[in-house]
Amino acid sequence: MGSIGVLLVGRVFPYLEQELDKRYKLFRLWDYPQKAQLLSQHAASIRAVVGHAGAGADADLIDELPKLEIVSSFSVGVDMIDLEKCKAKGIRVTNTPDVLTDEVADLAIGLTLALLRRICECDRYVRSGKWKKGDYKLTTKFSGKTVGIVGLGRIGQAIAKRAEGFNCSICYYSRTEKRDSNYKYYPSVVELASNCDILVVACPLTEETHHIINREVINALGPKGFLINIGRGKHVDEAELVSALQEGRLGGAGLDVFEDEPAVPEELFGLENVVLLPHVGSATLETRTDMADLVLGNLEAHFLGKPLLTPLV
Amino acid sequence: MDHIDLSECRRRGIQVVSIGSLAADDVADMAIGLLIDVLYKISANNRRVRKCVASKPLNFTMAPKLGGKRVGIVGLGSIGGEVGKRLEAFDCKVMYHSRNEKPFVPYHYYSNVVDLATNCDALVVCCPLTKQTRHIINREVMLALGKDGVIVNVGRGPLIDEKELVHCLMEGEIGGAGLDVFENEPSVPNELFALDNVVLSPHAGAHTKESCQVKCDLVAASLEAFFVSNPRISVQNVIDERHFYPTFECLPASSGEPAYA
């Protein structure tokens with residue numbers, strides 16, 4: 001398979017890059033200052049694109065690669081891939097579901113506890129020597145609160161299961177109600193936000209879910225409500241979120257993702273009712289290796305004419 | 001209740017009321033919060049983002065996923081029980097050490113802490129502090145836990161040999177620690193401040209607004225029961241049991257008046 005051209009459109013986990021290089025003729029998009037140069041020299045030999053959460057294959061790129069057969073994403077989210085175009089042209093698309101469900105769900109709960117119980121601020125309080133002058137103030141209990149989940153897919157359900165261990169009540173919003181779920185369904189995110197204490201974003205990013213957390217939702221969640229985002233930065237209207245936090249219209253936010261990563265709004269740095277993480281969600285060695293193996297496995301299956309492991313299209 | 005001289009109270013006929021397991025869920029929440037924070041480096045990454053805008057996550061030295069991890073609870077009382085319940089929701093394998101094995105508990109029991117530490121990936125310490133449990137977590141236990149092991153302490157500081165803990169963390173003999181309590185509060189060993197695999201909390205395990213409100217209600221109600229109501233009436237009649245589950249260590253007065261449960 002060493003002659004099969006694979007285009008890597010963004011920097012990925014080194015293990016994945018090394019394996020792709022070993023097995024295929026690998027082209028790295030960033031090696032070419034001009035995309036046009038890459039295309040004119042090599043477009044005819046590129047049969048696969050490997051992307052990640054931040055870089056995929058848009059309509060233009062798909063048109064520019066006439067021999068493209070498969071796009072394999074090193075991520076579970078595929079909002080950077082033009083799925084409709086791929087469907088229309090018979091191009092296969094794969095992602096990396098399941099391997100990171102547990103870690104992202106763990107992180108959602110960890111962020112919630114860190115936010116409500118001010119664990120990061122308490123740690124800072126101790127390290128700064130302030131504890132010698134007095135106790136840290138009272139924080140907010142997590143157990144028994146109502147958790148509202150936007151998107152009850154694999155990750156949403158894993159979060160719900162964990163929150164139930166804390167005697168939390170679970171409610172959710174989804175495109176359609178899940179008949180086999182015992183959790184309370186709300187037909188809109190605003191209603192969900194009005195009826196929960198902690199709102200967790202766990203849905204895929206699509207055109208419909210872009211800025212699904214907007215001013216109206218944030219106001220419905222309110223000064224005693226908390227927002228946790230482990231989905232995509234673009235789920236949240238970040239400018240609205242920042243002003244709500246600055247004005248005290250929202251109780252707090254725990255964020256692993258941002259609209260324009262790796263940039264994080266600096267207005268949030270001085271706030272003690274936010275927890276900020278640099279897209280840790282799938283960053284463990286174990287998970288990244290599993291994800292890489294899925295990408296490699298899908299590519300291999302495709303070129304050997306076998307069924308794909310985790311096809312989306 | 002290690003800060004009240006119970007024998008002296010008994011001798012003088014002073015009634016003692018304890019809130020018992022009232023804030024057990026808050027303390028258990030803190031224990032899980034500290035554990036996830038250490039594993040996923042939440043506080044360390046949060047610090048990093050605030051210092052350096054375009055930051056990448058810190059490398060994980062050990063796999064952080066809770067699912068499948070063996071977590072040993074030291075002391076399976078009301079707090080330990082709440083911790084176990086939460087760990088189960090993350091698919092952890094829960095095991096424990098207690099003075100005595102507890103019947104009807106689905107977790108594997110170890111009769112000594114070294115064996116428990118040898119067989120688990122993380123220890124959560126939540127037993128009461130007594131003469132027997134002082135420094136129950138010593139160097140031998142920490143070495144048995146191992147280089148990737150995490151210790152969380154939400155019990156009392158002296159349950160852990162703090163000097164040894166600091167050595168083990170500095171030497172990499174254990175993987176990390178989440179500590180809500182210390183041997184000489186509010187003093188905390190300075191050496192810990194430089195470490196990213198340690199999360200420090202100012203004895204805040206039970207300090208939520210909600211629990212504080214309930215505690216105030218209980219204190220007020222028990223004082224009312226004692227001074228206003230007929231002391232022969234059980235305190236239970238005065239306090240609404242739906243709100244809390246108090247353990248009353250009400251001791252018999254030396255005058256022979258009946259003690260109430």
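**Exercise 1.** Determine whether A:Asp98 is buried, exposed or partly exposed, and identify the residue with which A:Asp98 forms a salt bridge.

*Solution.* The model is a predicted one.
Step 1. The relative accessibility of A:Asp98 is 48%. Exposed would require over 50% and buried under 20%, so A:Asp98 counts as partly exposed.
Step 2. The salt-bridge partner of A:Asp98 is A:Arg154, and their closest N and O atoms are 3.2 Å apart.

**Exercise 2.** Describe where the salt bridge between B:Asp26 and A:Arg117 is located, and state whether each partner is buried or exposed.

*Solution.* 
Step 1. The N to O distance for B:Asp26 and A:Arg117 is 4.0 Å.
Step 2. The contact crosses between chains: B:Asp26 lies in helix 2 (residues 24-40) of chain B, and A:Arg117 in the loop between helix 5 and helix 6 (119-127) of chain A.
Step 3. B:Asp26 has a relative accessible area of 0% and is therefore buried. A:Arg117, with 1%, is buried as well.

**Exercise 3.** Examine the salt bridge of B:Arg47 and A:Asp123. Which elements hold the two residues?

*Solution.* 
Step 1. The closest N and O atoms of B:Arg47 and A:Asp123 are 2.9 Å apart.
Step 2. B:Arg47 is in helix 3 (residues 42-51) of chain B and A:Asp123 is in helix 6 of chain A, so this pair joins two chains.
Step 3. B:Arg47 is partly exposed at 22% relative accessible area, while A:Asp123 is buried at 1%.
Step 4. Salt bridges with shared partners also connect A:Asp102, A:Asp106, A:Arg162 and B:Lys65 in one network. Over all chains, the count of salt bridges is 37.

**Exercise 4.** In what order do the strands of the open sheet in chain B run, and which strands stand at the edges?

*Solution.* 
Step 1. The sheet has 7 strands in the order 3-2-1-4-5-6-7, with parallel pairing.
Step 2. The edges are strand 3 (108-109) and strand 7 (198-200) of chain B; each has a single partner strand, so one side of each lacks a neighbour in the sheet.
Step 3. Within chain B, strand 1 (residues 70-74) pairs with strand 2 (residues 93-97) over 5 bridges in the parallel sense. B:Val74 stands opposite B:His97 of strand 2.

**Exercise 5.** Which residues form the nonpolar surface patch of about 520 Å² that includes B:Phe227?

*Solution.* 
Step 1. The patch is formed by B:Val219, B:Leu223, B:Phe226, B:Phe227 and B:Val228.
Step 2. B:Phe227 lies in helix 8 (residues 209-227) of chain B and counts as exposed at 62% relative accessibility.

Conventions. Residues numbered from 1 in each chain as written. Chains lettered and ligands numbered in written order. Predicted model: local features only at pLDDT ≥ 70, side-chain atom pairs only at ≥ 80, totals over all residues. Heavy atoms only, no water. Salt bridge = Lys/Arg side-chain N within 4 Å of Asp/Glu carboxyl O. Buried < 20%, exposed > 50% of the residue type's maximum accessible area, 1.4 Å probe, protein only. Helix = DSSP H or I, 4+ residues; strand = E, 2+ residues; numbered from the N terminus. Patch = residues over 30% accessible without salt bridge, like charges linked within 9 Å, V, L, I, M, F, W, Y side chains within 5 Å. Areas by Shrake-Rupley, 256 points an atom, 1.4 Å probe, with all protein chains shown as cover. Pairing = 2+ DSSP bridges.
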